[in-house]
Amino acid sequence: MAKHVGIKLPEDLVSLLKKGETLGVLATFSEKGLPNTTPIQCVYPKGLESILISIHKDHVGYHNMVWQKKVMICFLDEGNIAYSILGRAGVVRAPSLVHPLMNIVRIDIIDIKSDRSVLARVESGVRWSYTSWDAEQLTKALMDELKELAETL
């Protein structure tokens with residue numbers, strides 16, 4: 001059952017995003033109205049009213065974001081984290097200082113709802129691992145860039 005949360009990130013979600021261990025699902029729509037979902041692991045809160053993400057410049061989700069601006073991100077994780085965030089996207093760094101194919105996008109929060117079920121609890125979220133040592137190093141560097149930008153933007 002969805003419940004309106006407001007326009008500020010709940011503390012449990014902020015704590016989770018700062019750990020850099022969760023995966024969100026970014027939802028966008030193309031100019032033709034076709035839906036697209038994208039898993040996003042480089043996510044960091046910028047205060048309580050914005051989220052920074054790193055995304056490949058050639059990804060369909062990125063192109064949809066640039067065209068349409070409105071996005072939705074869903075987070076499910078342990079501790080019954082179940083949030084959907086409606087936001088407005090804007091590119092803040094292209095390319096990333098870490099990798100020329102990655103861009104940094106700020107998503108300003110329009111609305112947040114809690115999508116916790118009355119019948120079930122989220123006990124464990126999506127578990128993921130790095131595909132290689134290089135992927136791990138790139139992800140860590142991108143997360144460091146997001147953290148730095150969260151402080152200076």
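Trainee: Let's start with glutamate 78: is it buried, partly exposed or exposed?
Mentor: Glutamate 78 is partly exposed, with a relative accessible area of 44%. Keep in mind that this is a predicted model.

Trainee: Which side chain does glutamate 78 meet in a salt bridge?
Mentor: That of arginine 127, at 3.1 Å from N to O. The two are 49 residues apart, with arginine 127 in the loop between β8 and α3 and glutamate 78 in the loop between β6 and β7, so the pair links distant parts of the chain.

Trainee: And what does aspartate 77 pair with?
Mentor: Aspartate 77 forms a salt bridge with arginine 127 too, and the closest N and O atoms are 3.1 Å apart. This pair also links distant parts of the chain: aspartate 77 sits in strand β6 (residues 70-77), 50 residues from arginine 127.

Trainee: How accessible are aspartate 77 and arginine 127?
Mentor: Aspartate 77 is buried, at a relative accessible area of 2%. Arginine 127 counts as partly exposed, at 48%.

Trainee: How many salt bridges does the count come to?
Mentor: The count comes to 11 salt bridges. One of them joins arginine 106 and aspartate 108, with the closest N and O atoms 2.9 Å apart. Arginine 106 is partly exposed at 27%, and aspartate 108 is partly exposed at 28%.

Trainee: New topic, cysteines. How many disulfides does a search of the whole structure find?
Mentor: The search finds 0 disulfides.

Trainee: Where do they stand on burial: cysteine 42 and cysteine 74?
Mentor: Cysteine 42 is buried, with a relative accessible area of 4%. Cysteine 74 counts as partly exposed, at 27% relative accessibility.

Trainee: Okay, helix α3 next. What span should its 20 residues have?
Mentor: Helix α3 covers residues 133-152, and at 1.5 Å a residue it should span 28 Å. Its end C-alpha atoms are 29 Å apart, which agrees.

Trainee: Which residues of α3 are buried?
Mentor: Thr139, Leu142, Met143, Glu145, Leu146, Leu149 and Ala150. Seen down the axis of α3, these buried residues fall within an arc of 160°, so they line one face of the helix.

Trainee: Which residues are exposed on the other side of α3?
Mentor: Trp133, Asp134, Glu151 and Thr152 are exposed there.

Trainee: And what do the buried residues of α3 pack against?
Mentor: They pack against α1 (11-19), β4 (43-46), β5 (50-56), β7 (81-93) and β8 (102-114).

Trainee: Last one: where does threonine 38 lie?
Mentor: Threonine 38 lies in strand β3, residues 35-40. Threonine 38 is buried, with a relative accessible area of 3%.

Trainee: What does threonine 38 touch, leaving out residues up to four places away in sequence?
Mentor: With those left out, threonine 38 touches Gly24, Val25, Leu26, Ile55, His59 and Gly61.

Methods: Residues numbered from 1 in each chain as written. Predicted model: local features only at pLDDT ≥ 70, side-chain atom pairs only at ≥ 80, totals over all residues. Heavy atoms only, no water. Helix = DSSP H or I, 4+ residues; strand = E, 2+ residues; numbered from the N terminus. Buried < 20%, exposed > 50% of the residue type's maximum accessible area, 1.4 Å probe, protein only. Contact = heavy atoms within 4.5 Å. Expected span 1.5 Å × (residues − 1). Arc of directions from axis to C-beta. Disulfide = S-S within 2.5 Å. Salt bridge = Lys/Arg side-chain N within 4 Å of Asp/Glu carboxyl O.
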